[in-house]
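Colleague: I have a new model open and want to learn how to read it. Can we go feature by feature?

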Amino acid sequence: MTRDHVRDNQTGWVAKHIQRYVATDGAQGHDYHGYPTLLLTTRGRKTGDLRRTALIYGRDGDRYVLVGSNGGASAHPGWYHNIVAEPAVLVQVRADRFAAVARVAEGAERRRLFDMMVGLFPTYATYAAGTARSIPVVILTPAGPVPGDAS
């Protein structure tokens, strides 16, 4: 994934969160209302543009775990559809920026990781109870430095 222009999530509070996170290398924004957050950059499946959003994450060993809750909406979030189409992503955790490969957890692994994430952010259980869809759990496995990053 090259370092093209990145389009940030356009939801007002999310955009402000991302801007604060980027400007301070995560010193402001990593801990968001007591929850750890990272910045996920995906390649848009329709436009090919890079799309960045902020998400709560958990850890499973050296992997990062995300939940595609979309606030409990009936549809999966756009970033989820993007990683299904193109699993190579960019991630920022605090000041660390790295490439990663995303995959969707299935079966017992999904159940274990979803339970772990509910332990971190209990509202995920409320979201799951309020929608007919199975909320996806995504695993990010670090794959090295950001391509073209000289830092």
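Colleague: Which element gives the largest share of the lining of the largest pocket?

Modeller: One caution before that: this is a predicted model. As for the general idea, rolling a probe the size of a water molecule over the atoms shows where empty space is left. Here, β4 gives the largest share of the lining, six residues. The pocket has a volume of about 810 Å³. It has 31 lining residues, and Asn 9, Val 14, Thr 53, Ala 54 and Leu 55 are the closest to its centre. Elements that give two or more residues include β1, α1 and β3.

Colleague: How many of the lining residues are nonpolar, polar and charged?

Modeller: The lining has 14 nonpolar, 13 polar and four charged residues.

Colleague: Now salt bridges. How many are there?

Modeller: Look for a side-chain nitrogen of Lys or Arg within 4 Å of a carboxyl oxygen of Asp or Glu. By that rule there are seven. Take Arg 7 and Asp 49, with N to O at 3.4 Å. Arg 7 lies in strand β1 and Asp 49 in the loop between β3 and β4, so this pair ties together parts 42 residues apart in sequence.

Colleague: Is Arg 52 buried or exposed?

Modeller: Buried means under 20% relative accessible area. Arg 52 has 19%, so it counts as buried. Its salt-bridge partner is Asp 8, with the closest N and O atoms 2.6 Å apart. That pair links distant parts of the chain: Arg 52 is in strand β4 and Asp 8 in strand β1, 44 residues apart. Asp 8 is partly exposed, at 24%.

Colleague: Which residues are linked in a network of salt bridges?

Modeller: Asp 60, Arg 63, Arg 103, Glu 109 and Arg 112. Within it, Arg 103 meets Glu 109 with the closest N and O atoms 2.9 Å apart. Arg 103 is partly exposed at 37% relative accessibility. Glu 109 is partly exposed too, at 23%.

Colleague: Last, the strands. In which sense do β6 and β9 pair?

Modeller: For background, in a regular strand the side chains alternate between the two faces of the sheet. Here, β6 (residues 63-67) and β9 (residues 137-145) pair in the antiparallel sense over four bridges. Val 65 stands opposite Ile 139 in β9.

Colleague: How many bridges join β8 to β9?

Modeller: Seven, and these strands run antiparallel.

How values were computed: Residues numbered from 1 in each chain as written. Predicted model: local features only at pLDDT ≥ 70, side-chain atom pairs only at ≥ 80, totals over all residues. Heavy atoms only, no water. Pairing = 2+ DSSP bridges. 1 Å grid on protein atoms, 1.4 Å probe; cavity = no way out; pocket = protein on both sides within 12 Å on 5 of 7 lines; lining within 4 Å. Points joined across faces, edges and corners; volume = space filled by probe spheres on them. Nonpolar A, V, L, I, M, F, W, Y, C, P; charged D, E, K, R; others polar. Buried < 20%, exposed > 50% of the residue type's maximum accessible area, 1.4 Å probe, protein only.
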